[in-house]
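Here are my notes on the two-chain model you sent over.

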Amino acid sequence: MAEVEETLKRIQGQKGVQGIIIVNSEGIPIKTTLDYPSTVQYAGLIQQLVMMARSTVREIDPQNDLTFLRVRSKKNEIMIAPDKDYFLIVIQNPSD
Amino acid sequence: STKMYSFSVVTLFCSSFVGSSLQSNMSAIASLTNESEDSSQKLDIPINPPAPCEVLKENDNIEQTVTEEMLDEVAEICLTETDTISLLDIPSSIFVTEDADDAGVIKEKNNQYAELCKNRIGNDNYLEESAQTFSGAPKDKHTQSDKIAKEDKGMIATTWDIYDSFFDQNKSPDNDKDDYTESSVGTSKDQEKSGEKSGSSSSYTVATGNSTWLILSESFRHSLFVMERIVVGKIFQPKLAAYRQLPILKGNVVMLIVEDPDSTAKPGTEEQSEEGEESASSPSLEYLWAFSCELTKGCNITSMAWNKINPNILAVAYGDFDLSNCKPSLICCWSLKNPMWPERVFHCDSWVTSLDFSAINPSQLAVGMYDGTLAIYDVQRQNNNARIADSSKCSERHLHPVWQVNWIKEETLFLREGGAEALISVSADGRITMWSLLNNGLGGRDLMELKSTQNTKKKRKAAGTKTKTECFLSVLTRGLCLDIHPTDSCIYLVGTSEGLIHKCSLSNSQNVLETYQKDLCPVNHIEWSPFSSDVFLSCSSDQIQLWKQDYFTPVFSFTSTQEVVKTIRWSPNWPTIFAAIIGRQLEIWDLDSNILAPTIVHHAAPGVKLMSLLFTTGTDCVFLGDSDGQITVYQLKNLSVGKGEKVKLKANK
């Protein structure tokens, strides 16, 4: 447990990391470092995106599965590690 | 009153019209409506319908009004029967005529039946009985049911859904997780509010109680691990790309800080190679990045070793350079993918002096320590169980510091030892010992004892004569370094503290094959050239010497400053380059261009001493460990190298 907390702290302390959100399979944020409204917004939107992405990947080959998703935008990059029980979302701004 | 019909109706039933009999036809039509079923037989009409043009002419005469006299007239109607028109004739299949073939059979059957009927009258088998059923009185009954709720459900049958259902129908559904999620929906709403109040400004937890299993799960840890690497990788992308000699992403990435003012190459211009060719920029070191973390800050680096199979893993030993009391030291395994935190951290009780990874079991790391113990760590395991064997209980253990450990492939002679790899250690107690991993630890066997030659002249001692004195150390001299021949693993070199370099063989434990000596300073490091199999480099307190195998004086001597040469390394990529740590600077020598002075000189930062050095195969980078706990990676730039595979030396005697 402490190891996981430490790793989360390290990621949070890296250059440019704006926030970390952990969402469970229902879309409810479990742990977050952003404010509540943004967290809920991110959680809801990203859940839909991940479902769409996973559906796309599996539609092409049902034995395949989504392992990681990176969305790079002008201002930042959203990195999502999806699983069947949770999503781990990290938002990083690389040019800081 | 009569009804008027249009003539279009009439044409269906009537055929020819004669003008004078118009009225008669009119009344005929009237009777037609009343008895429509007999109409087809009563009308004396031939069936042929009239030509339409005739009818049209007659239509003009309709305009007459019907008077009472006309209606009272008696009209004669003659009805005759038409011939019988046979429309369908199905001959009977039951009633057969006499002439048919099977009439006889049917007749027979008929006779049989007639006989049966006769017999029936008085026969007991045939009785007539009647039966009657009671019909129950009908009754009305009312029932009422709940409204049947209907629900519409829509579904898209995706390919993966079909696949999943097909494969999951054999497995039993996992109900545990369902319970968890159901309960978390119920309780999370309550805890949301409590979470908001009790949370700190930077982070807070929502729905804590039921989600700890999630955070502790294996897959979450793995996701975190990958995420950390990706986040760090983005920060270090240009440096790592330069290390791996890949093109660097431009825009939105951290720009490289160039420390050396002589260097003209910039990261974005990796693809533009004209810059390197035109400008006569001098060879230099370019700073890429440094491995450091708070755990290791301020610690001395004593040894570094690359993993033989995975080129991204580096093992580094940290320990404080305090000869009086051995403080516990750390061994960290760093991965190049994450320069901000080591992948593994092991604690050792004693100061580590030497590390080496095994080539056959790539997760085994051999560690030599200052108190004479040898240990083998399995780096795949987590921190506490990592030490899988050590020599502390072994009778052949060293009692004095182990200065170097090397893995050696024992393909040739000692197959009875089991396993294909053994460990060789050289220690300050003058023994070279070979260790192998047994079931209950390490088992050792002395290979060689380094006999002291201080009291005699500079020639080899005769075999077998060993003066026994009380002090153990006066007989044997301290061994400081060791290197195994790159191609012939039976031969190895040992450097001693008296300045002797012995070439020994695994098979011969009494005598050395040859001895090389230049002066009396202790030999700090020895290394065979990876390109030429009979050339090796040695360094002592103030000089670096290049030796050729059968010549007993060094072929070349290199001196730059009058300070102690701590360590030297050959570059695995170019045959003529080696690096040395001399005093407080790192020197890169290029024998092709200049043998009197180093090609690149790099000074350590003030207050920091340089301790350890490593090259990497495949890239042009050098890793430098210092006394501040940092391993800095430098890229060698603008070296004009690459010619020739072997070092060709002229023996100048």
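**Notes on the model**

1. Starting with chain A: buried residues make up 51% of its 96 residues. Bear in mind throughout that this is a predicted model. Chain A has 2 helices and 5 strands, and from the N terminus they come in the order α-β-β-α-β-β-β. Of the chain A contacts with a separation of 6 or more, 36% are between residues 24 or more positions apart.

2. What ties helix α1 of chain A to strand β2? A salt bridge does: the side chains of A:E5 and A:K31 meet at 3.6 Å, N to O. A:E5 sits in helix α1 (residues 2-13) and A:K31 in strand β2 (residues 29-32), so the pair joins parts of chain A that are 26 residues apart in sequence.

3. Now the contact between the chains. Chain B puts in 40 residues and chain A 46 residues. The area buried between them is about 4100 Å², and carbon and sulfur atoms give 62% of it. I'd look at the polar side of this contact too: there are 10 residue pairs in polar contact across the interface, counting pairs with both residues at pLDDT 80 or more.

4. Which parts of chain B supply at least two residues each to the side that touches chain A? They are α7 (159-168), α8 (175-198), β1 (204-205), α9 (212-216) and α10 (218-235). The largest share, 13 residues, comes from α10(B). Sorted by class, this side of chain B has 21 nonpolar, 12 polar and 7 charged residues.

5. On charge pairs between the chains, the count is 3 salt bridges. One to click on is B:D164 with A:R58, where the closest N and O atoms are 2.8 Å apart. Also have a look at A:R70, A:R72, A:E77 and B:K234, which are linked in a network of salt bridges. Over all chains, the search finds 16 salt bridges.

6. Two salt bridges within chain B link distant parts of the chain. B:D356 pairs with B:K308, with 3.4 Å between the closest N and O atoms. B:D356 is in strand β7 (residues 352-357) and B:K308 is in the loop between β3 and β4, 48 residues apart. B:D356 is buried at 11% relative accessible area, whereas B:K308 is partly exposed at 42%. The other pair is B:R569 and B:E527, at 3.8 Å. Here strand β23 (residues 565-570) holds B:R569 and strand β19 (residues 525-528) holds B:E527, 42 residues apart. B:E527 counts as buried, at 14% relative accessibility.

7. Last, the nonpolar cores. The largest has 28 residues, and B:Y243, B:W289, B:Y318, B:F623 and B:I631 touch the most other members. Elements of chain B that each supply at least two residues to this core include α10, α11 (237-243), β2 (284-291), β28 (621-626) and β29 (631-637). Leaving out residues up to four places away in sequence, B:I631 touches a set of residues including B:W289, B:F291, B:I301, B:Y318, B:W334 and B:F623. Apart from this core lies another, of 19 residues, among them A:I22, A:V90, B:I215 and B:F220.

Terms used:
Residues numbered from 1 in each chain as written. Chains lettered and ligands numbered in written order. Predicted model: local features only at pLDDT ≥ 70, side-chain atom pairs only at ≥ 80, totals over all residues. Heavy atoms only, no water. Contact = heavy atoms within 4.5 Å. Buried area = accessible area lost by both parts, 1.4 Å probe. Salt bridge = Lys/Arg side-chain N within 4 Å of Asp/Glu carboxyl O. Polar contact = N/O pair within 3.5 Å; in protein donor to acceptor, adjacent residues only side chain to side chain. Helix = DSSP H or I, 4+ residues; strand = E, 2+ residues; numbered from the N terminus. Nonpolar A, V, L, I, M, F, W, Y, C, P; charged D, E, K, R; others polar. Core = buried A, V, L, I, M, F, W, Y, C linked by side-chain atoms within 4.5 Å. Buried < 20%, exposed > 50% of the residue type's maximum accessible area, 1.4 Å probe, protein only.
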